[in-house]
Amino acid sequence: MAIVKVIELIASSEISIEDAIQNAVTSASKSIHNIDSVYVEDIKAHVQDGKVTTYGCICKLSFRVDA
């Protein structure tokens with residue numbers, strides 16, 4: 001039986017939502033191994049002068065815990 005842990009991350013990007021998600025996974029991968037999936041819980045964008053400047057998301061990342 002595998003043990004799976006879920007953590008919540010807030011990530012951002014000036015490029016796109018997809019890049020923000022990738023940033024979350026890349027950052028988490030530096031200290032967490034066995035990442036299985038990422039669930040995007042919420043998406044937002046910051047606007048300045050009528051243009052989107054930053055994309056953000058709240059992600060739930062699941063990974064298997066080594067026994």
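Which strands do the buried residues of α1 pack against? In this predicted model, they pack against β1, β2 (35-48) and β3.

## Helix α1

The helix α1 has 13 residues. From its first C-alpha to its last, α1 reaches 18 Å, close to the 18 Å expected at 1.5 Å a residue. The buried residues in α1 are Ile17, Ala20, Ala24 and Ala28. These four cover an arc of only 65° around the axis, so they lie on the same side of α1. An α-helix has 3.6 residues a turn, so residues three or four places apart point the same way.

Ser16 is buried, with a relative accessible area of 18%, which falls under the 20% cut-off. At the start of α1, a side-chain oxygen of Ser16 comes to within 3.5 Å of the backbone nitrogen of Glu18.

## Nonpolar core

Which residues make up the largest nonpolar core? It has five: Ala11, Ala20, Ala24, Cys57 and Cys59. Two elements, α1 (17-29) and β3 (51-65), each supply at least two residues of this core.

Ala20 and Ala24 are therefore both buried residues of α1 and members of the largest nonpolar core, as buried means under 20% relative accessible area. Setting aside neighbours within four places in sequence, Ala24 is in contact with Leu9, Ala11 and Cys59. Ala11 and Cys59 also belong to the largest nonpolar core.

## Salt bridges

How many salt bridges are there? The count comes to two.

Arg64 is partly exposed, with a relative accessible area of 38%. Asp36 also counts as partly exposed, at 43% relative accessibility.

Lys60 forms a salt bridge with Glu41, and the closest N and O atoms of that pair are 3.2 Å apart. Here Lys60 lies in strand β3 and Glu41 in strand β2, so the pair ties together parts that are 19 residues apart in sequence. Lys60 is partly exposed, with a relative accessible area of 30%. Glu41 is partly exposed, with a relative accessible area of 38%.

## Loop residues with positive phi

Most residues other than glycine have a negative phi.

Asn34 lies in the loop between α1 and β2. The phi of Asn34 is near 65°, a positive value in a residue other than glycine. At 26% relative accessibility, Asn34 counts as partly exposed.

Where is Asp49 found? Asp49 is in the loop between β2 and β3. Although Asp49 is not a glycine, its phi is positive, at about 55°. Is Asp49 buried or exposed? Asp49 is exposed, with a relative accessible area of 75%, which is over the 50% cut-off.

Key: Residues numbered from 1 in each chain as written. Predicted model: local features only at pLDDT ≥ 70, side-chain atom pairs only at ≥ 80, totals over all residues. Heavy atoms only, no water. Core = buried A, V, L, I, M, F, W, Y, C linked by side-chain atoms within 4.5 Å. Buried < 20%, exposed > 50% of the residue type's maximum accessible area, 1.4 Å probe, protein only. Contact = heavy atoms within 4.5 Å. Expected span 1.5 Å × (residues − 1). Arc of directions from axis to C-beta. Polar contact = N/O pair within 3.5 Å; in protein donor to acceptor, adjacent residues only side chain to side chain. Salt bridge = Lys/Arg side-chain N within 4 Å of Asp/Glu carboxyl O.
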